[in-house]
Amino acid sequence: MSFHPQMEYAPAKFHKSARTLADEGPAFAYTPENQAKFDANIARYPAEERKSAVLYALYLAQGQQGYLTAAAMSHVAQQIGCTAAEVEDVVSYYSMFFTKPVGTYVLQVCRTLSCALNGAERVTDEICKHLHVRPGETDATGTFTVQEFECLGACDRAPVIMINNEHWQEHQRPEDVPRFLEDLRRRGLSALSGCHLVPAGEREPR
């Protein structure tokens, strides 16, 4: 007699991973300019620590192609001396890497506590409503991709949107979303408020 419940081990009951592999994509190699940047960066590491440059190598590849294909990840793996699977593990962990085409502007709306309390969810809803998309999707024009992000570290300026992993829009109000999108479409990154921690002289002109 056993107190343990009887378990069925039929193959159909086994868990199937939902992980999807990146598209293979066209053959990929760094441009001469990006190869020179990579070579200058990797020279800072001991030979046995080349894998430590994986994030920089991936940013170069994504900046060149717009997103990361399996071919791009394989190229990065060859550059830093590891397996493509190890590179893909890094890509799948960090939300700032894209494995499918994204818009010209990736709108990354912070949804953590301070931003949430100040209306970040309504900001996301308004953006999605005006672009006719859901979080994670790109609008029909290919201009905007909308993402929900975890803490961006600007809690005193909530709600905050990061654009393209680098640029900032602070104190974004839901009611100002239509103007924000139109200004960004028309004027580009110069329409953004920027980060208040960046000295004024170093900000892009508005």
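Leaving aside residues up to four places away in sequence, A71 touches E24, G25, P26 and F28, where a contact means heavy atoms within 4.5 Å. What you're looking at is a predicted model, so local features need a pLDDT of at least 70 and side-chain atom pairs count only at pLDDT 80 or more, while totals for chains, interfaces and linings use all residues. Residues are numbered from 1 along each chain as its sequence is written, and side-chain values use heavy atoms, with hydrogens and water left out.

A71 sits in helix 3 (residues 70–80); helices here are DSSP runs of H or I with at least four residues, strands are runs of E with at least two, and both are numbered from the N terminus. A71 has a relative accessible area of 10%, so it counts as buried. The cut-offs, with a 1.4 Å probe and protein chains only, are under 20% relative accessible area for buried, over 50% for exposed, and partly exposed in between. In sequence, A71 and D23 are 48 residues apart, yet their C-alpha atoms are 8.2 Å apart in space.

Q79 is in helix 3 too, and at 14% relative accessibility it is buried. Its side chain makes a polar contact of 3.1 Å with that of Q35. A polar contact is a pair of N or O atoms within 3.5 Å; within protein, one must be able to donate a hydrogen and the other to accept it, and residues adjacent in sequence count only if both atoms are side-chain atoms. Skipping residues up to four places away in sequence, Q79 touches Y30, Q35, F38 and R50.

## The overall layout

Stepping back, the protein has seven helices and four strands. From the N terminus on, they run α-α-α-α-β-α-α-β-β-β-α. Of the 206 residues, 39% count as buried. Among contacts with a separation of 6 or more, 62% are between residues 24 or more positions apart.

How many residues of strand 1 are buried? Six of its six are, so this strand is mostly covered. Y105, L107 and V109 are buried on one side, and V106, Q108 and C110 on the other.

Strand 1 pairs with strand 2 in the parallel sense over six bridges; two strands pair if DSSP finds at least two bridges between them. C110 has F149 as its bridge partner in strand 2. With strand 3, strand 1 runs antiparallel, joined by three bridges, and V109 stands opposite I161 there.

## Helix 6, one face in and one face out

Helix 6 (residues 120–131) has 12 residues and reaches 17 Å from its first C-alpha to its last, close to the 16 Å expected at 1.5 Å a residue. That expected span is 1.5 Å times one less than the number of residues. Its buried residues are A120, V123, T124, I127, C128 and L131. They fall within an arc of 125° seen down the axis, so they line one face of helix 6; the arc is that of the directions from the helix axis to the C-beta atoms. An α-helix has 3.6 residues a turn, so residues three or four places apart point the same way.

On the face turned away from the buried side, helix 6 carries the exposed residues E121 and K129. The cover over its buried residues includes strand 1 (105–110), helix 5 (113–117), strand 2 (144–149), strand 3 (161–163) and helix 7 (177–187). Just after helix 6, H132 takes a positive phi of about 60°.

## The nonpolar cores

A nonpolar core is a set of buried Ala, Val, Leu, Ile, Met, Phe, Trp, Tyr and Cys residues joined through side-chain atoms within 4.5 Å. The largest one has 28 residues, and L107, I127 and I161 have the most contacts inside it. Strand 1, helix 6, strand 2, strand 3 and helix 7 each supply at least two residues of this core. Helix 6 gives the most, with five.

Not counting residues up to four places away in sequence, I127 touches L107, V109, V146, I161, V177 and L181. Another core, of 23 residues, lies apart from the largest one, and V54, A61, C82 and V91 are among its members.

## Helix 7

Which residues of helix 7 are buried? They are V177, F180, L181, D183 and L184. These cover an arc of only 165° around the axis, which puts them on the same side of helix 7. The face turned away from that side carries the exposed R179 and R186.

Strand 1, helix 6, strand 2, strand 3 and strand 4 (167–169) are included in what covers the buried residues of helix 7. After helix 7 comes G188, with a positive phi near 75°.
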